[in-house]
Amino acid sequence: MRGRPNLYTDYSRESAIFSNNTQKVWFIVVIISAIIFCFLATDYWLLLLTTAFLIAVASWGLNIVSGFAGQINLAHGFFVGIGTYTSAIIGGIATSSVIGYELDMIIWLPLSGIAASIVGLMIAPITVRLKGLNLGLVTLALVFIGSHLFSNFKSVTGGAGLGRKVAKLKLFGVDLESGIQIGTYFLDKNEILYLICLTLCIFTGLGVKNLVRTRAGRAYSAIRDGDIAAEAIGINIFRYKSSAFALSSFFGGISGAMFFTVSGGVEPGTFNLLYSIIFVAIVVIGGAGTVLGPLFGAFFYTLFPAFILIAIKALEISEQSLPLNLGQIERILFGLFIILFLIFEPRGLWGIWFRLRNYFKAWPFSY
Amino acid sequence: MNSLNFNDVTLKFGGITALNNVSFEVKPKSLYAIIGPNGAGKTSIFNCVSGIYRPTQGSVTYGDNDIKELRPDQVAELGIARTFQNIELFENMTVLDNILIGAHRHLEYGAISSLFFSKKARKSELEAREIAEEIIDFLEIEQFRYSYILSLPYGVQKRVEIGRALALNPDVLLLDEPAAGMNNEETEDIARFIIDIHEEMGKTVILVDHDMNMVMDIAEEVMVLNFGEKLAEGTPAEIVKDSKVIEAYLGVS
């Protein structure tokens, strides 16, 4: 085999996660540098990347239902919310106004995902029967029902405008809030969160890759490309559409639970329509229906504001002299990017990466 | 293997009668052809068999199973596979993936096993790949294995669709105009594949096509439809001589 890394001699090697050594090496390099980054970076960058990991997890979820199974879902934020409040109830601290049981993270993290996927399954009878724009509208309704519930269910969410504290960071009985001492090194809260989220992100990514190369993933794509043909070759549409919603919500729920644990508190108004739409935008910008796309999209979305800030500092423009404030500029540019991607690169950031990779594979020849 | 029966099937869409009291029997391991002018109801018959349409009256049975009660995916589980008149392949996937999807019903593991790529998943994936490779080999589409459907010429797409249906390892194969839009050479290839599928793999084949030369050449039994009604049924030799068929479809020379 040496010297011919691209010559496959059996089927199992060809369908492996990393079908050649280059991919394997890159994967390891990226993970090691991500771990090293944890100990070098400032808290600002750590927090930024932690959120990027979590947004990637949620976007991977949405990508399963929208990218692979091809079902429009404008209510992903709602499922993220379900996960968040499940974790808040199970892992949060009870006060006079909200309930909480202060249980371990090993309990609330999976349960927040499971609760979200159960809600996903509950609405399956409706979502499975609809497609296209009609499905979009139903999920839109779900966002509004969700935000109404969240703002009025005061014993769980704390009520609109007030919010509540979310789950406590306690793993296997060890309180991680104030950091832990490992040998001579002291891991503070931000570093712990970063490592937990990095792990989540890696496992979700591998899971999605596994999904794509096996039976369920192929069934999802078949439903996207032609549901009548998919049914005619024996794919149970009801089962696979609902399992796509359930899986997607599972990742959304887990991501939500961690996300607000990182930020400390959550206000029910967060889970509005815009919040859900952003996930759709991330998937489109990253590249819908690809494995790496949502990861790229999530990093783009979270790091984009930081780079604008750097650019403004580098150009020595004072914030007061700008006609719009930073938030507005971010949103306008982000919107602009969505339009540009839809027109020039429908495959999103993944498409750009794909072309770059192929260019350098053949370098210095042009094809 | 079971025989497929149509018992007085009537199919109506509002005021339009697509099929009117059609009855026929396809015996196991036979090669049955359905011909007729455009709009005669040939594809409607296929849609009734594969559970996409529900007959208004009458019944469709396969062995002891009443197909009227089943969803399309349950019909496929019984071992009835089909192709479509206007190719319905999964366009954003490769030829190999399309054929692997056909093997869906032979893989027995769920979404959770998929996520973790469990041992069971690994084993059945490899088995499915073996099946897929045999079919690719049989249909002579090796060089297109990794091509996306969108980029393939029409004739190859037609073949891939047959391959996808074969991957189900069905007992009954419904082919809806497999030779439509093909030149003579491609039609000959397709005819050869159909004969091989019928004789070597021992499958029941039901064929709809307009290419009279091919149909009369390979079919064992032919049914002629006109405006949703059965006009004649018999061996190709009988059909060619039938005066009603000549008037309605073949034309007088």
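How many bridges join strand 1 of chain B to strand 4 of chain B? I looked this up to get going, keeping in mind that the model is predicted. I found five bridges between strand 1 (residues 4-13) and strand 4 (residues 57-62) of chain B, and the two run antiparallel. For one pair across from each other, I noted F6(B), which stands opposite V60(B) in strand 4 of chain B.

**The open sheet**

Next I wanted the strand order. In chain B, four strands make an open sheet that reads 2-1-4-5, with antiparallel pairing. I wrote down the edges too: strand 2 (16-26) and strand 5 (65-66) of chain B each pair on one side only. Then I checked what packs on this sheet, and it's helix 1 (residues 42-49) of chain B, which touches strand 1, strand 2 and strand 4 of chain B. The direction of helix 1 of chain B makes about 115° with that of strand 1 of chain B.

**Strand 3**

Is strand 3 of chain B mostly covered or mostly open? Mostly covered: I see that five of the five residues in strand 3 (residues 31-35) of chain B are buried. In a regular strand, side chains alternate between the two faces of the sheet, so I looked at each side in turn. L31(B), A33(B) and I35(B) are buried on one side, and Y32(B) and I34(B) are buried on the other.

Strand 3 of chain B pairs with strand 8 (residues 204-208) of chain B in the parallel sense, over four bridges. It also pairs parallel with strand 9 (residues 221-226) of chain B, again over four bridges. I followed Y32(B) across: its bridge partner in strand 8 of chain B is I206(B), and in strand 9 of chain B it is E221(B).

**Domains of chain B**

The domain assignment gives chain B domain 1 (24-79 + 170-253) and domain 2 (88-168). I noted 25 Å between their C-alpha centres. Nine residues of domain 1 of chain B are in contact with eight of domain 2 of chain B. On the domain 1 side, helix 2 (72-77) and helix 7 (184-199) of chain B each supply at least two residues. That side has six nonpolar, one polar and two charged residues.

**Where the chains meet**

Last, I looked at the two chains together. 27 residues of chain A are in contact with 34 residues of chain B. Which helix of chain A gives the largest share of the side that touches chain B? I found helix 10 of chain A, with eight residues. By class, this side of chain A has twelve nonpolar, eleven polar and four charged residues.

Definitions and conventions:
Residues numbered from 1 in each chain as written. Chains lettered and ligands numbered in written order. Predicted model: local features only at pLDDT ≥ 70, side-chain atom pairs only at ≥ 80, totals over all residues. Pairing = 2+ DSSP bridges. Contact = placed C-beta atoms within 7 Å. Axes fitted to C-alpha atoms, helices over the stretch in contact; angles between N-to-C directions. Nonpolar A, V, L, I, M, F, W, Y, C, P; charged D, E, K, R; others polar. Domains from an automatic or database assignment. Buried ≥ 20, exposed ≤ 12 C-beta atoms within 10 Å, placed from the backbone.
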